[in-house]
Amino acid sequence: DGAIRFEDVRFSYDEARPILKGISFEVPAGKTVAIVGPSGAGKSTLSRLLYRFYDIQEGRISIDGQDVRDVTQKSLRAAIGMVPQDTVLFNDTIAYNVRYGRVEASEAEIQQAADLAQIGPFIRELPDGFKSMVGERGLKLSGGEKQRVAIARTILKAPPILILDEATSALDTATEQEIQASLDFVSKGRTTLVIAHRLSTVVSADEIIVLKDGVIAERGRHADLLEQK
Ligand code: ADP
Ligand code: ADP
């Protein structure tokens with residue numbers, strides 16, 4: 001479920017400066033495709049087009065053969081989970097933050113997702129900065145722990161499609177490896193679009209697409225792309 005197809009997709013924020021100039025690729029159901037390229041290449045833009053944060057000007061984007069323009073924003077958001085670079089938490093408990101993608105979840109389901117993401121012990125706590133507004137010290141979460149909140153949210157939501165948008169790039173190397181292991185766990189069996197700026201972080205992707213100046217500059221598996229260099 002959740003096969004993604006981009007067909008000759010063209011997009012610009014401003015007519016004078018096209019960002020994507022005819023992008024075609026597929027993410028077969030359950031597979032992982034990585035979009036790699038320098039900052040400003042249009043990687044985040046491309047992921048936002050999938051959930052229709054913006055609409056494309058030309059081409060077609062479809063999920064399981066259905067044009068995303070024929071799908072409501074609500075069902076697109078339900079089908080797509082997202083782990084951004086920096087997870088911004090709501091002014092409420094960690095449990096509330098985990099539940100965000102699926103408000104009807106039971107306490108037991110929230111706890112189970114939090115345990116799998118290794119934030120189980122502190123789901124009743126408030127993040128730091130919020131508790132301090134009422135004069136108490138809150139729980140100070142590290143960058144890695146905040147990403148674990150986003151991972152717990154994804155486990156609970158269990159969407160067929162997952163977007164990992166530079167999900168480990170704000171972390172130090174040791175934390176990056178731990179969080180990567182958790183991300184590999186949640187992306188297993190899901191159609192996954194990984195956005196990254198370095199090839200070295202997407203070694204296990206089924207396909208890597210290198211975006212440059214609005215077009216696909218190269219594509220292949222990690223080993224193939226390294227050979228060409
Ligand atoms: P990447 O994710 O590869 O760093 P982005 O998709 O964020 O690239 O951005 C691609 C280009 O589009 C950049 O030049 C950026 O400045 C521009 N851009 C991104 N978002 C907007 C926006 N909301 N309005 C206008 N230009 C934007
Ligand atoms: P940005 O990428 O600049 O943070 P977005 O509007 O793409 O802005 O996302 C804002 C927040 O909403 C993200 O941090 C993410 O947690 C959440 N979000 C965005 N898209 C989705 C989605 N499809 N499914 C679940 N959460 C989403």
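Me: Is Arg-102 buried, exposed or partly exposed, and what is its relative accessible area?
Reply: In this predicted model, Arg-102 has a relative accessible area of 21%, and since buried means under 20% and exposed over 50%, Arg-102 counts as partly exposed.

Me: Where is the place of Arg-102?
Reply: Arg-102 lies in a loop, with helix H3 (94-99) and helix H4 (107-116) on either side of that loop.

Me: And what is Arg-102 in contact with, leaving aside its neighbours in sequence?
Reply: Once the residues within four places in sequence are left aside, Arg-102 is in contact with Glu-109, Leu-156 and Lys-157. As for Gly-120, it is 18 residues from Arg-102 in sequence, and their C-alpha atoms are 18 Å apart in space.

Me: OK, another loop: does Ser-12 count as buried or exposed?
Reply: Ser-12 sits in the loop that runs between strand E1 (4-11) and strand E2 (20-27), and with a relative accessibility of 11% it counts as buried, because the cut-off for buried is under 20%.

Me: Which residues does Ser-12 touch?
Reply: Not counting residues up to four places away in sequence, Ser-12 touches Arg-17, Pro-18, Ile-19 and Gln-57.

Me: Switching to strands, how many residues of E3 are buried?
Reply: Strand E3 covers residues 32-36, and five of the five are buried, so the strand is largely enclosed by the rest of the structure.

Me: Which residues are on each side of E3?
Reply: In a regular strand the side chains alternate between the two faces of the sheet. For E3, Thr-32, Ala-34 and Val-36 are on one side, Val-33 and Ile-35 are on the other, and both faces are covered.

Me: Which strand does E3 pair with over five bridges?
Reply: That is strand E8 (residues 191-196), which pairs with E3 in the parallel sense, and within E8 the bridge partner of Val-36 is Ala-196. E3 also pairs in the parallel sense with strand E9 (residues 207-212), over four bridges, where Ile-35 has Ile-209 as its bridge partner.

Me: Last topic: how many cavities of 30 Å³ or more does the structure hold?
Reply: The structure holds one cavity of 30 Å³ or more, and the largest cavity has a volume of about 40 Å³.

Me: What lines the largest cavity?
Reply: Its lining consists of Leu-49, Arg-52, Tyr-54, Asp-55, Ile-56, Ile-61, Asp-67, Val-68 and Arg-69, and by class this lining has five nonpolar, four charged and no polar residues.

Technical notes:
Residues are numbered from 1 along each chain as its sequence is written. Chains are lettered from A and ligands numbered from 1 in the order in which they are written. This is a predicted model: local features need pLDDT of at least 70, side-chain atom pairs count only at pLDDT 80 or more; totals for chains, interfaces and linings use all residues. Side-chain values use heavy atoms; hydrogens and water are left out. Buried means under 20% relative accessible area, exposed over 50%, partly exposed in between (1.4 Å probe, protein chains only). Helices (H or I, at least four residues) and strands (E, at least two) are DSSP runs, numbered from the N terminus. Two strands pair if DSSP finds at least two bridges between them. On a 1 Å grid over the protein atoms alone, a cavity is a set of points where a 1.4 Å probe fits but cannot get out, and a pocket is an open set with protein on both sides within 12 Å along at least five of seven lines; lining residues have an atom within 4 Å of a point. Grid points are joined across faces, edges and corners, and a volume is the space filled by probe spheres set on the points. Ala, Val, Leu, Ile, Met, Phe, Trp, Tyr, Cys and Pro count as nonpolar, Asp, Glu, Lys and Arg as charged, and the others, Gly among them, as polar. Contact means heavy atoms within 4.5 Å.
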